Amino acid sequence: MTTITPFLRNVLKADAAFSAVGAVLMAAGAPIVAPLTGLPPTLLIGAGLALVPWVALLVYIVRQPGVSRLVMIDVIAVNALWAAVSVGLLVSGMIAPNALGAAFVLAQALVVAVFAELQFVGMRRAQTAAA
């Protein structure tokens, strides 16, 4: 069991907030965001809707005094995978966004990768403090 330290709790809260904003921006804002970015509306809507249960999970975790180490590893892995898939989608040529769209995808991938790293650091610090 990993104690959710104040640092880890803040990182998880920030991840939940960023993901919630992304969910609304992409799912509800797809008709506006798609033409500006050159990203397919279906991709934006799908990604935004995929974030809804993610936000719910993060909010649930934040409210707990502790979380299993495996769940925390899963959270980190999902964030790392999201970042990698985002970059991979651009590199693959499966989508052809304009410069703003590419910047949007890369910026959110970078933020998510930073969350994964901070969550890893937070988990390690919590384990060290418990030892």
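The secondary structure of the protein consists of five helices and two strands, where helices (H or I, at least four residues) and strands (E, at least two) are DSSP runs numbered from the N terminus. The model is a predicted one, in which local features need pLDDT of at least 70 and side-chain atom pairs count only at pLDDT 80 or more, whereas totals for chains, interfaces and linings use all residues. Residues are numbered from 1 along each chain as its sequence is written, and side-chain values use heavy atoms, with hydrogens and water left out. Along the sequence, the elements follow the pattern β-α-α-α-β-α-α.

Taken along the principal axes, the C-alpha atoms of the protein fill a box of roughly 50 × 25 × 20 Å. The accessible surface comes to about 7,100 Å², and 76% of this surface belongs to carbon and sulfur atoms; the areas come from the Shrake-Rupley method with a 1.4 Å probe, and for residues only the protein chains shown count as cover. Of the 131 residues, 37% count as buried. Here, buried means under 20% relative accessible area, exposed over 50%, and partly exposed in between (1.4 Å probe, protein chains only). Among contacts between residues at least 6 apart in sequence, 78% join residues at least 24 apart, a contact being defined by heavy atoms within 4.5 Å.

The axes of α1 and α2 come within 5 Å and cross at roughly 80°. Axes are lines fitted to C-alpha atoms, for helices over the stretch in contact, and angles run from 0 to 180 degrees between N-to-C directions. The residues involved divide into seven nonpolar, no polar and no charged, with Ala, Val, Leu, Ile, Met, Phe, Trp, Tyr, Cys and Pro taken as nonpolar, Asp, Glu, Lys and Arg as charged, and the others, Gly among them, as polar.

Within helix α1, Leu-25 is partly exposed, with a relative accessible area of 38%. Apart from residues up to four places away in sequence, Leu-25 touches Ala-30, Val-33 and Phe-104. Its C-alpha atom is separated by 17 Å from that of Trp-82, 57 residues apart along the chain. Ser-19 also has its place in helix α1, but is buried at a relative accessible area of 6%. Beyond its neighbours within four places in sequence, Ser-19 is in contact with Leu-51, Trp-54 and Val-55.

Gln-119, located in α5, counts as buried because its relative accessibility is 0%. Not counting residues up to four places away in sequence, Gln-119 touches Leu-8, Val-11, Leu-12, Asp-15, Met-72, Val-75, Ile-76 and Asn-79. Met-123 of α5 is likewise buried, with a relative accessible area of 2%. Leaving aside neighbours within four places in sequence, its contacts are Thr-2, Leu-8, Arg-69, Met-72, Ile-73 and Ile-76. Gln-127, which lies in α5, counts as partly exposed at 26% relative accessibility. With neighbours within four places in sequence set aside, Gln-127 is in contact with Thr-2 and Arg-69. The C-alpha atoms of Gln-127 and Ile-4 are separated by 10.0 Å, although the two residues are 123 residues apart along the chain.

In helix α4, Leu-81 counts as exposed, at 55% relative accessibility. Its C-alpha atom is separated by 23 Å from that of Gly-38, 43 residues apart along the chain.
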